[in-house]
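Colleague: I'd like to learn how to read a few features in a model like this one. Could you take me through them one at a time?

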Amino acid sequence: MDQSILKRAQDKDIVEIKIHDLRDYSSNKQRSVDDYAFGGGAGMVLMIEPIDNCINHLKYQREYDEIIYMSPDGELLNQGMANAMSLQQNLIILCGHYKGVDERVRANLITREISIGDFVLSGGELPAAVLTDAIIRLIPGVLNDESSALSDSFQDKLIAPPVYTRPADYNGMKVPDLLLSGHEKKIEEWRYEQSLIRTKERRPDLLNE
Ligand code: SAH
């Protein structure tokens with residue numbers, strides 16, 4: 001396989017990804033960014049001050065469409081959200097850690113909260129990478145064959161049809177004949193049919209939306 005799609009998009013100057021260390025925005029000598037929770041209980045909480053400093057610093061340089069906090073109790077990420085965000089210019093994505101962030105960050109500094117699923121990870125870095133990948137591959141010029149993003153699962157509320165490549169016969173496991181026929185229109189119809197069958201089987205909920 002060739003270089004990662006995200007790396008290529010950055011090399012082509014289609015996107016810029018900057019990572020900011022909250023410790024650079026801490027005002028104390030130890031550069032700490034977290035503290036114990038008021039009221040007690042296990043686990044550390046990210047403090048508001050470094051986050052506020054960092055966001056202000058970034059906002060001073062350019063305008064942002066959204067300031068997103070990755071959080072398991074946020075809006076559940078889906079393809080429609082990725083499509084919409086791929087049209088935006090500048091996004092800040094805040095990653096939590098430990099027990100999360102001081103609630104005043106969420107109430108006052110954040111414009112949107114996004115979850116990547118009903119499970120809890122130890123930090124927001126992987127969720128942020130998931131969101132970033134989902135968005136960036138949709139920006140025109142990032143994928144070599146742009147139409148390939150449009151035929152992905154969920155793009156039209158359907159699951160993608162099965163795909164095959166050479167050899168046409170592998171130890172008796174055969175590729176459907178039609179795909180070898182060169183009959184474009186019939187192949188397109190077959191793919192649509194397969195998409196419908198798959199969606200009914202695997203994700204009937206998508207058809208009811
Ligand atoms: N105590 C929090 C979980 C904190 S997990 C709670 O129960 O909701 C630590 C950090 O990981 C979170 O602040 C968030 O930024 C990130 N994170 C964990 N799971 C996530 C998910 N499913 N989606 C998005 N972010 C997640």
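Modeller: Gladly, and let's start with polar contacts. A polar contact is a pair of N or O atoms within 3.5 Å, where one must be able to donate a hydrogen and the other to accept it. In this predicted model, a polar contact of 2.7 Å joins the side chains of Arg104 and Asp102.

Colleague: Where is Arg104 placed, and which residues beyond its sequence neighbours is it in contact with?

Modeller: Arg104 sits in helix α4, which covers residues 103-108. Setting aside neighbours within four places in sequence, Arg104 is in contact with Ile48 and Leu109.

Colleague: Is Arg104 buried, exposed or partly exposed?

Modeller: Buried means under 20% relative accessible area and exposed means over 50%, with partly exposed in between. Arg104 has 45% relative accessibility, so it counts as partly exposed.

Colleague: Let's apply that to another arginine. Is Arg112 buried or exposed?

Modeller: Arg112 counts as buried because its relative accessibility is 18%. This residue lies in strand β5, residues 112-115. The side chain of Arg112 also makes a polar contact, at 3.0 Å, with the side chain of Glu75.

Colleague: What else is Arg112 in contact with, leaving aside neighbours within four places in sequence?

Modeller: Besides Glu75, the list holds Glu66, Ile67, Ile68, Tyr69, Met81 and Met85.

Colleague: And Val120, where is that found?

Modeller: Val120 is in the loop between β5 and α5. At 69% relative accessibility, Val120 counts as exposed.

Colleague: Now for empty space. How does one look for a pocket?

Modeller: Rolling a probe the size of a water molecule over the atoms shows where empty space is left. Here, the largest pocket has a volume of about 1,400 Å³. It is lined by 41 residues, and the closest to its centre are Ile17, Lys18, His20, Leu91 and Ile93.

Colleague: Which elements give two or more residues to that lining?

Modeller: They are α2 (48-61), β4 (91-94) and α5 (125-136). The most comes from α5, with six residues. By class, the lining has 25 nonpolar, ten polar and six charged residues.

Colleague: Which residues other than glycine have a positive phi, for example?

Modeller: Asp13 is one of them, with phi near 60°, and Asn171 is another, with phi near 45°. Asp13 is in the loop between α1 (5-11) and β1 (34-36), and its 69% relative accessibility makes it exposed. Asn171 is found in the loop between β6 and β7 (173-174). Its relative accessible area is 68%, so Asn171 is exposed too.

Colleague: Finally, how is the chain divided into domains?

Modeller: The domain assignment gives domain 1 as 5-136 and domain 2 as 151-207. Their C-alpha centres lie 37 Å apart.

Note on methods
Residues are numbered from 1 along each chain as its sequence is written. This is a predicted model: local features need pLDDT of at least 70, side-chain atom pairs count only at pLDDT 80 or more; totals for chains, interfaces and linings use all residues. Side-chain values use heavy atoms; hydrogens and water are left out. On a 1 Å grid over the protein atoms alone, a cavity is a set of points where a 1.4 Å probe fits but cannot get out, and a pocket is an open set with protein on both sides within 12 Å along at least five of seven lines; lining residues have an atom within 4 Å of a point. Grid points are joined across faces, edges and corners, and a volume is the space filled by probe spheres set on the points. Helices (H or I, at least four residues) and strands (E, at least two) are DSSP runs, numbered from the N terminus. Ala, Val, Leu, Ile, Met, Phe, Trp, Tyr, Cys and Pro count as nonpolar, Asp, Glu, Lys and Arg as charged, and the others, Gly among them, as polar. Buried means under 20% relative accessible area, exposed over 50%, partly exposed in between (1.4 Å probe, protein chains only). Contact means heavy atoms within 4.5 Å. Domain bounds come from an automatic or database domain assignment.
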